[in-house]
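User: I have a protein model open and would like to learn how to read it. Could you take me through some features step by step?

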Amino acid sequence: MQSYLQYRRIGQAVRKQYADHPAWGQNVHRESGDISGDTSENDEAVWDKTPGSRPLELPPGVQRKHITDSSGAPSLIFLVGWEQDQDPMNPRNYSMLTRITATLIVSALAFAVGAASSIESAVIPQNAAAFNVSEVVASLATGIYLLGFAAGSLVSGPLSEILGRNAVYIGSLTLFMIFIMASGLAPNIGAQLAFRFLAGVFGCPPLTCSGGTIADLWNPLEKTLTFPLYAITSFGGPIFGPVIASYMGQGTLSWRWTNWIMLIMSGLTMGLILLLQPETYGPLLLKWKANHLRQVTGDPRYRSQMDMQKIALAERILSACQRQFSLTIHEPIILLISLYMTVIYIVLFTFFDGYPFIFQDVYGLSQGLTNIVWVAMYVGIAAAGLCVPVVYVWTKREFEAASNASVSPSGGNADNQPQEEHERNTKSPHPTRPENRLWFAMMGAPFIPIGLFWMGWTDYASISIWSPIIASGVFGFGIITVFISSYMYVIDSYNIYAASALGFMTVSRYCAAGGMTVVGIPFYRNLGVQYTLTILACISALMTPVPYVFWYWGRVIRGWSKFAVDYS
């Protein structure tokens, strides 16, 4: 709905501008060698005396561009771009209310599909009894959903760059709701697992594309505030999944209500997207504008960057998948951060199997209360929000220092641009080194092994239950800080290649987490809580130095890369 209204508003704006500037549609004809009419040097340089015609005047933001068409013949197009730094059509120039609303909506969407990943873990005993299978087999309902996430993330990113963010959100969420409903109606464990896998495939776009939506709406400095908002909100999905289903299957509500709750939540989110969510993918908005310019002027040469991309969808998806892996195996930054995130997700999702061993077996909590204990971990996650203002101040200083360094003492800049022109070209915050995004992780990374050791070695009936509960909050604080820094650091380090890097991170961590969810029950049962958490804590401790290594040597490591950016 909002996308359609946007398309119409862009058309209305173009028609209004055209009415004020009819010269856009009035062409001057020119033959080869004919230099009659307007013969300014700039025009001659652009046209190079090419036969054809040109408008008397081009709209603001439109540039002449020479290309070679499919037959090999040279031709001229009018490339449509943003009119100015404050172009109201640019998503970064939407009103503050619109941008905050859009950010909260994609956060709510990520919360919903994230909750669906873990909600089945709250009713494993009831699920196993209903289908007459072991609890290990029933835990596949969580693991197979995560594997669906991994599979879907290979496709969803490229799709959002072809169809736009909203089309992917709406289309995938519709199919997600269908398969969640099918999972709730499944007559046997095989059908349930198949539908859960497909629900995961179509539930992943909010997690793989929402980072792009955040980048569409906010400049690099603003993201220091808004990306943590998205991360903290969306991370609540898998944490609150068991809480939502705390007493399902134990009273009047059947265990199948886990699916109906997710269906209701997804339906409400779908309504918000249809009614309030604007399209934020800039290239698609420019494509719409180019289409309207072609209609009002009758000139087919108005094109956007997307119009010039003739790559087939299947070829583009295959290329994106290949790039994810070919790029990654040569990049130590991506490899180490992917490994770190994989370890975190393994620990987090094995907790869905492990909490009954940690709290029910030791302290005698009921199944419902054990699920409610997850709230403590989210308290730790939310506490990371207290760090955001501090990190924002530090980041703002870095951006200001980078901007000042780009201006020479004579009032110009390193490229000898006039000061006025330089200020116009650097109206957005000047890029600064990506390592500044690691502050969150450096503050929180040590709390991951600390929380795991604390929880594991105080999980005794003789010690207050509040000890492992508080430890879970400490662990939650650590994982969210590493998550925030990992995403922002990779985005800033790889710029145009960030989508491929983030795609590999998504595939690797959800594949590993999906597999470990299945082995979680035997793991805790055979090794015991203490040794299981000690092993996980030791692995986490080995990864703790990663953000500090990149903080000190990140620039050198980026220098080894063919793909990472260098802001020096």
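This is a predicted model: local features need pLDDT of at least 70, side-chain atom pairs count only at pLDDT 80 or more; totals for chains, interfaces and linings use all residues.

User: Which residues of α12 are the buried ones?

Analyst: They are G282, L284, L285, L286, W288, K289, A290, H292, L293 and T297. Helix α12 covers residues 282-297, 16 residues in total, and reaches 22 Å from its first C-alpha to its last. That is close to the 22 Å expected at 1.5 Å a residue.

User: How many helices and strands does the protein have, for context?

Analyst: The protein has 23 helices and five strands. Of its 568 residues, 52% are buried.

User: How should I read the strands?

Analyst: The general idea is that strands of a sheet pair through backbone hydrogen bonds, either parallel or antiparallel. In this model, three strands form an open sheet in the order β3-β4-β5, with mixed pairing. Strands β3 and β5 stand at the edges with a single partner strand each, so one side of each has no neighbour in the sheet.

User: Which pairing is antiparallel, and which is parallel?

Analyst: Strand β3 (residues 62-68) and β4 run antiparallel and are joined by seven bridges. Within that pairing, H66 has L76 of β4 as its bridge partner. Strands β4 and β5 (residues 302-303) run parallel and are joined by two bridges. Here F78 stands opposite Y302 in β5.

User: Is β4 mostly covered or mostly open?

Analyst: Strand β4 (residues 74-80) is mostly covered, since five of its seven residues are buried.

User: How do I read pairs of aromatic rings?

Analyst: Look at two things, the distance between ring centres and the angle between ring planes. Planes under 30 degrees apart count as stacked, and over 60 as edge-to-face. The count here comes to 29 aromatic pairs. In one of them, the rings of F179 and F202 have their centres 5.7 Å apart and their planes at 10°, so this pair is stacked. F179 is in helix α7 (residues 165-184) and F202 is in helix α8 (residues 189-203), so the pair ties together parts that are 23 residues apart in sequence.

User: Are F179 and F202 buried or partly exposed?

Analyst: F179 counts as buried because its relative accessibility is 16%, and the cut-off for buried is under 20%. F202, at 26% relative accessibility, counts as partly exposed.

For an edge-to-face case, take W394 and W439: their ring centres are 5.5 Å apart and their planes are at 70°, so they are edge-to-face. This pair links distant parts of the chain, with W394 in helix α17 (residues 388-405) and W439 in helix α19 (residues 439-444), 45 residues apart. W394 is partly exposed, with a relative accessible area of 33%, whereas W439 is buried, with 11%.

User: Which charged residues lie over the face of a ring?

Analyst: Two examples will do. R433 lies over the face of W551, at 4.4 Å from the ring centre. R509 lies over the face of Y345, at 4.7 Å from the ring centre.

User: How many disulfides are there?

Analyst: The approach is to check the distance between cysteine sulfurs against a cut-off, which is within 2.5 Å. By this rule the count is zero. C204, for instance, is in no disulfide, and the nearest cysteine sulfur, that of C209, is 7.3 Å away. C204 counts as buried, at 1% relative accessibility. C511 counts as partly exposed, at 37%.

User: How do I read the surroundings of a single residue?

Analyst: List its contacts, then check where those partners sit in the sequence. Take V482, whose place is in helix α21 (residues 466-494). V482 counts as buried, at 1% relative accessibility. Leaving aside neighbours within four places in sequence, V482 is in contact with Y340, M341, I344, A441, A445 and I448. V482 and I344 are 138 residues apart along the chain, while their C-alpha atoms are separated by 8.9 Å.

Note on methods:
Residues are numbered from 1 along each chain as its sequence is written. Side-chain values use heavy atoms; hydrogens and water are left out. Buried means under 20% relative accessible area, exposed over 50%, partly exposed in between (1.4 Å probe, protein chains only). Helices (H or I, at least four residues) and strands (E, at least two) are DSSP runs, numbered from the N terminus. Two strands pair if DSSP finds at least two bridges between them. Rings of Phe, Tyr and Trp (its six-membered ring) pair if their centres lie within 6.5 Å; planes under 30 degrees apart count as stacked, over 60 as edge-to-face and the rest as tilted. A charge sits over a ring if NZ of Lys or CZ of Arg is within 6 Å of the ring centre and within 35 degrees of the ring normal. The expected span of a helix is 1.5 Å times one less than its number of residues. Contact means heavy atoms within 4.5 Å.
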